[in-house]
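Hi everyone, thanks for making time.

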Amino acid sequence: PASHLVSSQSSSLSVDAEGLQRQIDELSAFSDTPAPSVTRILYSEKDVLARRYIKDIMGHLGLSIREDAIGNIFARWEGYEAELSAVATGSHIDAIPYSGKYDGVVGVLGALEAINALKRHVNLMDIICACIEESLKLKCHVIYSSTLHVSVCVWGFNSLSNHLSEVSGFLPKRSLEVILFTSEEPTRFGISCLGSRLLAGSKPLAESLKVTVDGQNTSFFDAAAFAGYAKNGGDISSVFMKKGHYFAFLELHIEQGPILEKEGIPIGVVTAIAAPASIKVRFEGSGGHAGAVLMPTRNDAGLAAAELSLAVEKHVLDSGSVDTVGTVGILELHPGAINSIPSKSNLEIDTRDIDESRRNEVIEKIHQSAVKIAEKRGVKLSEFKIVNQDPPARSDDMIINATVTTSQQLNLSHKLMISRAYHDSLFMARSSCCTNTCLNLNAHHLPAAAGYSHKPEEYASPMDIANGVKGSLLHGFLSRDG
Ligand code: GLV
Ligand code: MN
Ligand code: MN
Ligand code: MN
């Protein structure tokens, strides 16, 4: 009966696919690069405007908005058992340089549309009640039952009561929160999932932010202050969440890979997120004139970087598993002049695997190569910093099963899959954020056209997005204890 209830409720709720697409398009206009690309960097002017756009929607939905010291934004719909821990969902709206308009955004605007769909339901109920009260001059009383069905008693009129209970409005039992996470992308300060990492209580990160600067030497706190955050002068321990703060966390996200689209499956149920790591490396040599310094006397920091890049590829391939990946996404040479031997080089290396220890072996080998290359080329390895080396995360079985059941009820085919991209769920899965009953995350994947993501061609169809909102989020809000 409980599952029947979820099905009948969620199938009678309608997601406004067109309106949601319009919002996705509108949000994409807050960008520092021309359409169709989107570039929205943490705490930039465009980020501030985009946040305002989202907060406006949150406000219109009647949600209470809270922002923490680093700009994680929480919009809360109080449940009728408000003392229970809330069910949360959300994602990010920052966008890496020249990316698309769906990454993260779908999980924020989609969540707000899910709430909107539920609220539309309630409003309908309110209107009917008001009409009856007015026309029949009777007292109307709405009772929200624990099974999430609403029954309406119009005292003295049982038949009307029966009729109205079919309308089924909704008030959640547990409070619902939509979270906009600060800086899932590492673009500005090199730190991924900054907001969720801090929510999960990362003290080392809180400490290191005190000395963190961006590429323009702007400090993290000056940048945050520009966006109206971090007003308490750097104490960000207030961002940490108490253990078990949330009952459950869900995240809706485009797949960012080709599988769902290729197989024609609308819902990917994520069982685990691969373990990501990132490394910063710097080589320093003597530089000099590109014509006058002869080859035998050079110590070229640029060539050290080139050699290390190839070593990264080799170590990844040597793991023998397709699940091991490595990317040198940033490679900078100083001074960056055609006729000057590079005296400094900076590399930023991203490596991931579903197997944490195999990923760690790759990191170790990259380190050994960096040391050897420096020695051989007579350059200094002035930095080898592992910025983050995160474990993988697993989704909670209870949520996986509930999602599978709902997909079946909605006649949407689904696939259990690993997320090779990381998401804020990686950190919300940590027990410090969710209770033991539901330790966890659930990132639901939607098909991304051709698997494109982190580039302007990124696309997900309005129908797939609406299915995701319905099959993943609405279900989460409606299911059992939620
Ligand atoms: C973040 O967007 C990532 O998975 O790289
Ligand atoms: Mn991304
Ligand atoms: Mn994302
Ligand atoms: Mn991501």
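First, some housekeeping. This is a predicted model, in which local features need pLDDT of at least 70 and side-chain atom pairs count only at pLDDT 80 or more, while totals for chains, interfaces and linings use all residues. Residues are numbered from 1 along each chain as its sequence is written, and chains are lettered from A and ligands numbered from 1 in the order in which they are written.

So how confident is the predictor? The chain has an average pLDDT of 85, and 82% of the residues score at least 70; pLDDT is the predictor's confidence in each residue, from 0 to 100. The model also comes with an ipTM of 0.95 and a pTM of 0.86. Please be careful with residues 1–11, where pLDDT stays under 50. Residues 137–168 are below 50 too.

Now the overall picture. The chain holds 14 helices and 19 strands, and those are DSSP runs numbered from the N terminus, with helices being H or I of at least four residues and strands E of at least two. Of the 482 residues, 46% count as buried. Buried here means 20 or more other C-beta atoms within 10 Å of the residue's own; exposed means 12 or fewer, partly exposed is in between, and the C-beta atoms are placed from the backbone. Among contacts with a separation of 6 or more, 77% join residues 24 or more positions apart. A contact is two residues whose C-beta atoms, placed from the backbone, lie within 7 Å.

Let's go to helix α11, residues 356–377. Its 22 residues reach 32 Å from first C-alpha to last, close to the 32 Å expected at 1.5 Å a residue; the expected span is 1.5 Å times one less than the number of residues. Which residues of α11 are buried? They are Arg-359, Val-362, Ile-366, Ala-370, Ile-373 and Ala-374. Looking down the axis of α11, these fall within an arc of 105°, so they line one face of the helix; the arc is that of the directions from the helix axis to the C-beta atoms. If you're wondering about the spacing, an α-helix has 3.6 residues a turn, so residues three or four places apart point the same way. On the other side of α11, the exposed residues are Ser-357, Glu-364, Gln-368, Val-371, Glu-375 and Lys-376. The cover over the buried residues includes helix α10 and strands β11, β13, β15 and β16. Just past the end of α11, Gly-378 has a positive phi of about 65°.

Helix α12, residues 397–409, can be read along similar lines. Its end C-alpha atoms are 18 Å apart, which agrees with the 18 Å its 13 residues should span. Buried in α12 are Ile-399, Ala-402, Thr-403, Thr-406 and Ser-407. Those sit within an arc of 135° seen down the axis of α12, so they line one face of the helix. Asp-397 and Asn-401 are exposed on the other side. After α12 comes Asn-411, with a positive phi near 60°.

Next, what surrounds ligand 1? Glu-184, Glu-185, Ala-421 and Tyr-422 do, where a residue is near a molecule if its C-beta atom, placed from the backbone, lies within 6 Å of it. By class, that shell has 2 nonpolar, no polar and 2 charged residues.

On to the backbone. Most residues other than glycine have a negative phi, and most peptide bonds are trans. Here, the bond from Ala-35 to Pro-36 is cis, with omega near 5°, and Pro-36 lies in the loop between α2 and β1. His-334 to Pro-335 is also cis, with omega near 5°, and Pro-335 is in the loop between β13 and β14.

Then there's Tyr-43, with a positive phi near 60°, in the loop between β1 and α3. Tyr-43 counts as buried because it has 27 C-beta neighbours inside 10 Å. Cys-193 has a positive phi near 45° and sits in the loop between β8 and α6. Cys-193 is buried too, with 28 other C-beta atoms within 10 Å.

That's my tour, so over to you.

Definitions and conventions
Ala, Val, Leu, Ile, Met, Phe, Trp, Tyr, Cys and Pro count as nonpolar, Asp, Glu, Lys and Arg as charged, and the others, Gly among them, as polar.
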